[in-house]
Amino acid sequence: MFLKKIVEKKKEEVKERKKVLSVREIEERISRVPPPRNFLEAISGHAPVAVIAEIKRASPSLGVIKDNVDLLQFARDYEKGGASAISVLTEPNFFKGDLSDLNLVKENSSLPLLQKDFIIDPFQVFEGRAAGSDAVLLIAAILGREQLNDLVRLVGDLGLVPLVEIHGEDDLEKISTLSLPLIGINNRDLKTFEVDLGTTLRLRREIPPGIKIISESGIRSSQDVRLLSEAGINGILVGEILMRSSDPASTIRELLEI
């Protein structure tokens with residue numbers, strides 16, 4: 001299973017990064033970083049559907065999506081197109097991202113940023129905050145219940161917003177005791193890589209009212225967005241269709257023509 005491979009590689013990566021920098025040193029950097037931008041307000045303030053536009057160079061399921069990515073141009077295009085927030089892939093080995101991407105995008109956009117990575121250690125949350133994250137993706141499938149609880153608490157303590165991602169009923173049960181502002185539902189099957197928007201529609205019915213829901217993966221048209229909006233979904237996270245577009249700003253506007 002590719003998730004297991006990614007997590008094992010991530011453990012090695014974090015171990016090496018801890019040799020270079022201590023949490024205390026990162027906390028000193030955080031003290032000099034401006035306060036987080038309000039990610040939750042950005043999602044809530046865009047009706048009927050908020051767009052989290054993603055910068056993603058590659059993925060295990062798609063391979064290389066785009067070489068030689070101009071981060072600044074994408075950040076400008078996403079903001080111009082009406083995105084509510086920007087998701088930045090910082091995973092280097094399988095998605096070709098980098099922690100420095102967060103910093104660069106933050107300096108050149110007024111939108112709040114989601115750090116999207118495979119977070120398994122508090123050290124990564126501190127690193128992300130120092131680099132400019134305003135929200136952090138936490139994948140329920142790769143975290144134990146206690147580990148997830150601790151990371152959600154840490155993210156909140158740092159003034160950030162946790163976006164906890166679920167893939168199925170097992171994940172729903174794992175997060176049942178957490179008080180979460182946002183839940184992401186990933187439509188991609190982790191074993192087959194197949195995508196089904198029905199995953200969002202099915203799991204949405206099991207989530208208590210009052211929690212903002214973000215649908216992730218496989219969203220390609222305004223018809224898809226309309227379907228999700230009518231089901232009560234508050235936002236969408238889109239990456240591939242924007243990264244492949246010659247005009248990402250127009251593509252965002254087209255998605256929102258519902």
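In this predicted model, N68 counts as exposed because its relative accessibility is 79%, and exposed means over 50%. N68 lies in the loop between strand 3 (63-64) and helix 4 (71-81). Its phi is positive, about 50 degrees, although N68 is not a glycine.

**Backbone features in loops**

- S217 also has a positive phi, near 80 degrees, and is a residue other than glycine.
- The place of S217 is the loop between strand 9 and helix 10 (222-230).
- Is S217 buried or exposed? S217 is buried, because its relative accessible area of 17% falls under the 20% cut-off.
- The peptide bond that joins A47 and P48 is cis, with omega about 0 degrees.
- P48 belongs to the loop between helix 3 (39-44) and strand 1 (50-55).

**Strand 8 and residue I183**

- Strand 8 comprises residues 182-186, and I183 is one of them.
- I183 has a relative accessible area of 3%, so this residue is buried.
- Which residues touch I183, once its neighbours within four places in sequence are left aside? The contacts of I183 are L163, V164, I166, I175, I207, I211, K212, I213 and I214.
- D170 and I183 are separated by 13 residues in sequence, and their C-alpha atoms are 14 Å apart in space.
- How many residues of strand 8 are buried? The strand is mostly covered, with 5 of its 5 residues buried.
- The cover extends to both faces of strand 8: L182, G184 and N186 are buried on one side, and I183 and I185 are buried on the other.

- Within strand 8, G184 has E165 opposite it.
- A right-handed β-α-β unit is made by strand 7, helix 8 (residues 169-174) and strand 8.
- Strand 8 also pairs with strand 9 (residues 212-216), in the parallel sense and over 5 bridges.
- In strand 9, the residue opposite G184 is I214.
- Between strand 8 and strand 9 the chain passes through helix 9 (residues 198-204), and this β-α-β crossover is right-handed.

**Aromatic pairs**

- A pair of aromatic rings is described by two quantities, the distance of the centres and the angle of the planes.
- How many aromatic pairs does the structure hold? There are 2 such pairs.
- The rings of F74 and Y78 have centres 5.7 Å apart and planes at 65 degrees, so this pair is edge-to-face.
- F74 and Y78 both belong to helix 4 and are 4 residues apart, about one turn of the helix.
- An α-helix has 3.6 residues a turn, so residues three or four places apart point the same way.
- F74 and Y78 are both buried.
- The rings of F95 and F118 have centres 5.7 Å apart and planes at 35 degrees, so this pair is tilted.
- The pair of F95 and F118 links distant parts of the chain, as the two residues are 23 residues apart.
- F95 lies in the loop between strand 4 (85-89) and helix 5 (99-107), whereas F118 lies in the loop between strand 5 (113-116) and helix 6 (122-131).
- F95 counts as buried because its relative accessibility is 9%, and F118 counts as buried because its relative accessibility is 7%.

**Helix 6**

- Helix 6 is mostly covered, with 9 of its 10 residues buried.
- The buried residues of helix 6 are F123, Q124, V125, F126, E127, G128, R129, A130 and A131.
- What covers these buried residues? The cover includes helix 1, helix 2 (23-30), helix 5, strand 5 and helix 7 (145-157).

**The largest pocket**

- The largest pocket holds about 510 Å³ of space.
- Its lining consists of 32 residues, and K56, K116, N186, R188 and S217 lie nearest the centre of the pocket.
- Helix 1 (2-20), strand 6 (135-139), strand 10 (235-238) and helix 11 (240-243) each contribute at least two residues to the lining of the largest pocket.

How values were computed:
Residues numbered from 1 in each chain as written. Predicted model: local features only at pLDDT ≥ 70, side-chain atom pairs only at ≥ 80, totals over all residues. Heavy atoms only, no water. Buried < 20%, exposed > 50% of the residue type's maximum accessible area, 1.4 Å probe, protein only. Contact = heavy atoms within 4.5 Å. Pairing = 2+ DSSP bridges. Right-handed = clockwise from strand over helix to strand, strands pointing away. Phe/Tyr/Trp six-rings, centres within 6.5 Å; stacked < 30°, edge-to-face > 60°. 1 Å grid on protein atoms, 1.4 Å probe; cavity = no way out; pocket = protein on both sides within 12 Å on 5 of 7 lines; lining within 4 Å. Points joined across faces, edges and corners; volume = space filled by probe spheres on them.
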